[in-house]
Amino acid sequence: MMLHTLRRRCASALAALVVGVAGVAHAAAAETLRVGYLPIGTHGKFMIAKERGFYRDEGLDVELVEFVNSADGLNALVAKKIDVGAFGTSAPLVHVSKGADIKIIGGITSGGSSFIARPETAATIKTPADLKGKKIATVRLSTVDAILRAALRDAGLDWKRDVQIFELKSAPAVAEAVKSRQVDVGALWGPHDLRAEKEGMKILFYSHELYPAHVCCRIIVGRNSDPATGEKFLRAILRAEKYAAEHRKETIDILAKYVRIDRDVLEKDFYDPYKDNSSDPYLKGLRQFWTVMEDSGFLEGKGRSVDGAVDLGLYERALTGLARENPGDPFWQKLIADFKSKNPA
């Protein structure tokens with residue numbers, strides 16, 4: 001009887017040891033990833049993947065690192081202080097034009113920017129041509145910054161002579177400059193435009209009205225980053241995209257932990273019908289925006305193409321893998337169809 005008990009205790013101890021070793025091995029296998037983000041609803045998929053455990057499920061231990069603007073975040077990525085980020089479209093394309101060792105592997109959203117003014121100023125502005133002579137605040141290398149200069153050019157205005165552009169550090173600083181009458185017009189993005197509107201400002205134009213379906217906030221990594229890690233990361237982001245599409249209240253609960261803004265404004269911004277919260281790299285849209293930036297004088301190295309800086313394979317493998325694991329789910333089939341239409345064969 002004593003021998004039987006001893007054997008049983010030894011077996012239990014051995015089983016516990018095996019489980020413990022397996023747990024340690026699993027913990028050791030989790031890869032640490034530093035992910036840069038802006039504290040805006042648009043970057044909500046980063047937050048959802050963290051809070052819902054999607055990163056962990058894919059074997060990633062993710063640290064979210066907050067930045068106040070795209071330029072600072074992208075500089076941190078180029079300097080290898082972070083591993084992944086989604087910092088507008090303008091800043092990444094400028095770095096690509098200079099030959100930086102970065103690549104675009106996915107997206108966060110398209111659309112979502114606007115131009116604001118005080119009510120009395122807004123009454124005098126009907127088209128971008130009416131911006132002539134105005135003082136305009138923007139954030140250097142933000143997506144809406146490139147759209148501003150392109151819209152001025154399309155209206156026959158020279159942004160170096162016909163307007164005064166003030167480059168500020170952040171979108172809240174732009175909104176405050178308009179509110180305090182330091183400038184006439186502000187170029188910014190959601191949810192800061194909605195907050196400004198709530199405080200009495202008027203929205204002059206939405207970016208999608210000037211450039212329909214323009215890309216914004218691409219997911220960027222180092223050119224030599226591990227493809228397997230990138231695929232895992234995109235799987236987590238795609239799962240977050242699906243979660244946000246199916247769990248509205250819970251999604252806003254998560255975003256409210258990271259974005260310091262009224263809940264109703266946050267929800268209106270994230271679920272804006274004019275935004276496309278797709279995680280697709282969207283090469284066609286990137287090509288179009290590259291042309292916009294070339295025409296606006298933002299890019300160096302004429303003759304370059306954005307194509308070489310876009311890796312479609314990671315997203316495609318992540319998406320098709322999820323679709324194979326969930327063959328009856330129409331969500332993944334729709335994203336596969338979207339991928340084929342947004343990216344050349």
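**Cavities and core**

I sorted the lining of the largest cavity into six nonpolar, ten polar and one charged residue; Ala, Val, Leu, Ile, Met, Phe, Trp, Tyr, Cys and Pro count as nonpolar, Asp, Glu, Lys and Arg as charged, and the others, Gly among them, as polar. Housekeeping: this is a predicted model, where local features need pLDDT of at least 70, side-chain atom pairs count only at pLDDT 80 or more, and totals for chains, interfaces and linings use all residues. Numbering runs from 1 along each chain as its sequence is written, and side-chain values use heavy atoms, with hydrogens and water left out.

I found two cavities of 30 Å³ or more. A cavity is a set of points, on a 1 Å grid over the protein atoms alone, where a 1.4 Å probe fits but cannot get out, and lining residues have an atom within 4 Å of a point. A volume is the space filled by probe spheres set on the points.

The largest cavity comes to about 130 Å³. Of its 17 lining residues, Ile-40, Ser-113, Trp-189, Cys-216 and Cys-217 are the closest to the centre.

The second largest cavity holds about 30 Å³. I listed Ser-110, Arg-218, Asp-276, Ser-278, Asp-280, Tyr-282 and Lys-342 as its lining, which divides into one nonpolar, two polar and four charged.

Last, I looked up the contacts (heavy atoms within 4.5 Å) of Phe-115. Not counting residues up to four places away in sequence, Phe-115 touches Val-144, Ile-147, Leu-148 and Phe-205, among others.

Technical notes
1 Å grid on protein atoms, 1.4 Å probe; cavity = no way out; pocket = protein on both sides within 12 Å on 5 of 7 lines; lining within 4 Å.
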